[in-house]
Amino acid sequence: MGKISILWADDEIDLLKPHLLYLQEKGYDVKAVTNGNDAVEEFSKGPFDIVFLDENMPGISGIETLGKIKNINQRVPVVMITKSEEEAIMDDAIGSKISDYLIKPVNPGQILLSIKKNIDKNRLISEKTTSGYQQEFRNIGMMLGDNLTYKQWEDVYKKLIYWELELERSGDESMKEVYQMQKSEANTLFCKFIEKNYISWLQRKTTDVPAMSHTLMRNKILPLVEKEAVPTFMVLIDNLRFDQWKVLQPEIEELFKVDKEESYFAILPTCTQYARNAIFAGLMPSEIEKMHPGLWLNDEEEGGKNLNEAELLEGNLKRLGKNLKISYHKITNHNAGKQLADNIHSLMGNKLNVIVYNFVDMLSHARTEMEVIRELASDDAAYRSITLSWFKHSPLHDILKNIAAEKGKLIITTDHGTIKVTEPTKVIGDKNTNTNLRYKSGKSLTYQAKDVFAVKNPAEAFLPRQHVSSVFVFVKGDKFFAYPNNFNYYVNYYKDTFQHGGISLEEMIIPLVALSPK
């Protein structure tokens, strides 16, 4: 960065010469003027990085000068210098968007601090963030070298998200490549961890088992619901990653306080048909197929795969002996969301109100299909940004406002996350093989063994076996399946899109947050 350029307007500028010399010795460029008109003229020639403006000058006042300067360039910080803290003057100045104010007599230290607060702030934050991550990079690297438990994996992933968001805020590009390499390494090791432990978790061959989709209602949600005297609203935002929750959190905390922030593991495949049905049924997919054959459709079968969630939830509660008054709502469009927002009061007689909100999932799929969305959500940062922008103006925001107004409790969760895929891996299957890019189910599958977690006996993973020779393969990390006979088309069309169904930190470790109204 070049020299910082300062414009200082004060009718007693001769008295400030020691200050000006001090700043010049510190490496700053200072242009001094004695009245508002000269200040506006010099500012229009620019550019200046910061302006110090005496409030009480002959001719046009400091407030008027401020207004003219802001009309030329409102982004340049202006520091007002005044002889008094008279309330009306300060109200005018603050209303006109001053960045800081100082009371005469000022000393060089105050001036320097004000410059650093307003100009060097971003650089100082960036340097501190970079330094912090460099230290944490070593700590995370050491953790990744250990034989981690599932709880430690949750901690590692949350640390990675924290630093991703901090580096993004700092604007420091220098560490982003380093960060992406570490995140990629973490995903590679996480996939090995899942491959080693997943079947054991499902078969209860170990006592160290995380909360998972099929145990979520029984072990996490219902205990929270039953201990509350007021109604609880379980809002399941489809396809919500942990980093997306973190960018929504400040908005939601305007209405609610976070009582507990946890995470849980989505089952495989990490897609709506399997994971969300498992949540509401409290069963793994093969168990749903066996106990509720009329409520389950396999990949090869025609029809909607998530049309019976309310019935599955009722069956789950009945098996658990829970006699709760509940409601279930699935929101798939703007008007349905607005209608539910208007009717929150009518739900306050229920113990549990389940709201499934499909926007983020639609965004993920739309990103693949629509060029404009592909451009808007070009990377993880943009994907988070578009999610936040949507939320601020969505009926879901209104729904949460109305729940808070009614003093209802809130649980926010999801069924799985999503990952930006960058690298193809070849797969061959027959015409009945499913279309998902992150997992394949079928017979006679040919695939790159190193790129997948293969479940050759679906029953072991509590997955339906559609044929005697059926297998499931889940792609690891940020890869995606592509057919050799149309390879270039698949690669060009799907590379750098957001997909789900496979194994990654982003897809499997997902938020579960309990909140109370403020």
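How many residues does helix α8 have, and what does it reach from its first C-alpha to its last? Helix α8, residues 176-202, has 27 residues and reaches 36 Å between those two atoms.

## About the model

This is a predicted model, where local features need pLDDT of at least 70, side-chain atom pairs count only at pLDDT 80 or more, and totals for chains, interfaces and linings use all residues. Residues are numbered from 1 along each chain as its sequence is written, and side-chain values use heavy atoms, with hydrogens and water left out.

Helices (H or I, at least four residues) and strands (E, at least two) are DSSP runs, numbered from the N terminus.

## Helix α8 and what follows

The 36 Å reach of α8 is close to the 39 Å expected at 1.5 Å a residue; the expected span is 1.5 Å times one less than the number of residues. At Lys196, α8 bends by about 35 degrees. The bend is the angle between axes fitted to the seven residues ending at a residue and the seven starting there. After α8 comes Arg204, with a positive phi near 55 degrees.

## Lys476, a buried lysine

Let's turn to a loop. Lys476 sits between β16 (471-475) and β17 (479-482). Is Lys476 buried or exposed? Its relative accessibility is 16%, so Lys476 counts as buried (buried means under 20% relative accessible area, exposed over 50%, partly exposed in between, with a 1.4 Å probe and protein chains only).

The side chain of Lys476 is joined to that of Glu195 by a polar contact of 2.9 Å. A polar contact is a pair of N or O atoms within 3.5 Å; within protein, one must be able to donate a hydrogen and the other to accept it, and residues adjacent in sequence count only if both atoms are side-chain atoms. Not counting residues up to four places away in sequence, Lys476 touches Cys191, Glu195, Arg438, Lys450, Asp451, Val452, Phe453 and Ile503, where contact means heavy atoms within 4.5 Å.

## The six-stranded sheet

Six strands form an open sheet in the order β7-β19-β10-β6-β9-β8, with mixed pairing; two strands pair if DSSP finds at least two bridges between them. At the edges stand β7 (256-265) and β8 (326-331), each with a single partner strand, so one side of each has no neighbour in the sheet. From one strand to the next, the twist averages 15 degrees. Inside this sheet, β10 (residues 409-413) and β19 (residues 509-517) pair in the antiparallel sense over four bridges, and Ile412 has Val513 of β19 as its bridge partner.

Which strands does helix α11 lie across? Helix α11 (residues 272-281) lies across β6 (232-237), β7, β8 and β9 (352-357), and runs at about 165 degrees to β6. Helix α14 (residues 334-342) lies across β8 and β9, at about 150 degrees to β8. For these angles, axes are lines fitted to C-alpha atoms, for helices over the stretch in contact, and angles run from 0 to 180 degrees between N-to-C directions.

Strand β4 (residues 78-82) is largely enclosed by the rest of the structure, because five of its five residues are buried. Val78, Met80 and Thr82 point one way from β4, while Val79 and Ile81 point the other way.

Strand β3 (residues 50-54) runs parallel to β4, joined by four bridges, and Leu53 stands opposite Met80. Parallel pairing over four bridges also links β4 and β5, with Asp100 in β5 as the bridge partner of Val79.

## The three-stranded sheet

Another open sheet has three strands in the order β13-β16-β15, with antiparallel pairing. Its edges are β13 (439-442) and β15 (452-455), each with a single partner strand, so one side of each is left without a neighbour in the sheet. Between β13 and β16 there are four bridges, and Ser441 stands opposite Phe472 in β16.

Thr497 lies in the loop between α19 (487-494) and β18 (498-499) and is buried, with a relative accessible area of 0%. Its side chain makes a polar contact of 2.9 Å with the side chain of Gln499.

Leu20, in helix α1 (residues 17-25), is buried at 11% relative accessible area. Leaving aside neighbours within four places in sequence, Leu20 is in contact with Trp8, Ile13, Val30 and Ala32.
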